[in-house]
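Reader: I have a protein open here and would like to go through it. Can we start with whatever you find worth noting?

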Amino acid sequence: MERSSEKDLLIDPSDLVLSSSTTLKTYKLYAARWLILAVLVLLNVSSGIVWISFASVADEVKAYYSLNGDFLVNLLSMIFFIVSLPVGFVGAWTLDTWGLRIGLLIGAWLNGIGAVVRYFSSFGHTY
């Protein structure tokens with residue numbers, strides 16, 4: 001492969017040089033951004049733990065309700081993905097309208113309430 005000449009280039013090399021009047025923007029990093037990132041990661045991990053906990057009880061659910069196939073039991077886990085599509089649009093609207101703080105607080109509270117409801121529902125039946 002041969003080298004292209006200067007006239008074959010699509011960009012003029014003189015355009016790539018910054019002029020003396022060009023100023024570069026500097027960005028300030030805030031420690032609070034790392035805290036927000038950590039909170040977001042913890043919320044995603046807790047949501048994933050609540051979701052994946054269905055896998056450990058699939059056989060017990062199947063036996064308790066006398067189900068033949070696995071589809072209805074797996075539907076409990078698939079509901080997470082089915083519901084996440086429309087709720088994702090609501091979440092995007094919430095973030096856009098009320099901001100990141102309120103959106104994270106609403107998500108955290110709903111996730112916590114859902115986990116508590118699932119926890120207390122496990123005490124209702126013994127078999």
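Author: This is a predicted model.

Reader: Which residue does Phe120 form an aromatic pair with?

Author: Phe120 pairs with Tyr119. The ring centres are 5.3 Å apart, with 65° between the planes, and the pair is edge-to-face.

Reader: How many aromatic pairs does the count come to?

Author: The count comes to six aromatic pairs. One of them is Trp51 with Phe81: the ring centres are 5.2 Å apart and the planes stand at 75°, so this pair is edge-to-face.

Reader: Where do Trp51 and Phe81 lie?

Author: Trp51 is in helix H1 (residues 31–52) and Phe81 is in helix H3, so the pair ties together parts that are 30 residues apart in sequence. Trp51 and Phe81 also form one aromatic cluster with Phe80.

Reader: Change of topic. What is the secondary structure of the protein?

Author: It comes to four helices and zero strands, and the pattern along the sequence is α-α-α-α.

Reader: And how much of the protein is buried?

Author: Buried residues make up 6% of the 127 residues. The accessible surface is about 11500 Å², and 69% of that belongs to carbon and sulfur atoms.

Reader: Last one: where does Ala92 lie?

Author: Ala92 lies in helix H3, residues 71–98. Its C-alpha atom is 8.7 Å from that of Gly103, 11 residues apart along the chain.

How values were computed: Residues numbered from 1 in each chain as written. Predicted model: local features only at pLDDT ≥ 70, side-chain atom pairs only at ≥ 80, totals over all residues. Heavy atoms only, no water. Helix = DSSP H or I, 4+ residues; strand = E, 2+ residues; numbered from the N terminus. Buried < 20%, exposed > 50% of the residue type's maximum accessible area, 1.4 Å probe, protein only. Areas by Shrake-Rupley, 256 points an atom, 1.4 Å probe, with all protein chains shown as cover. Phe/Tyr/Trp six-rings, centres within 6.5 Å; stacked < 30°, edge-to-face > 60°.
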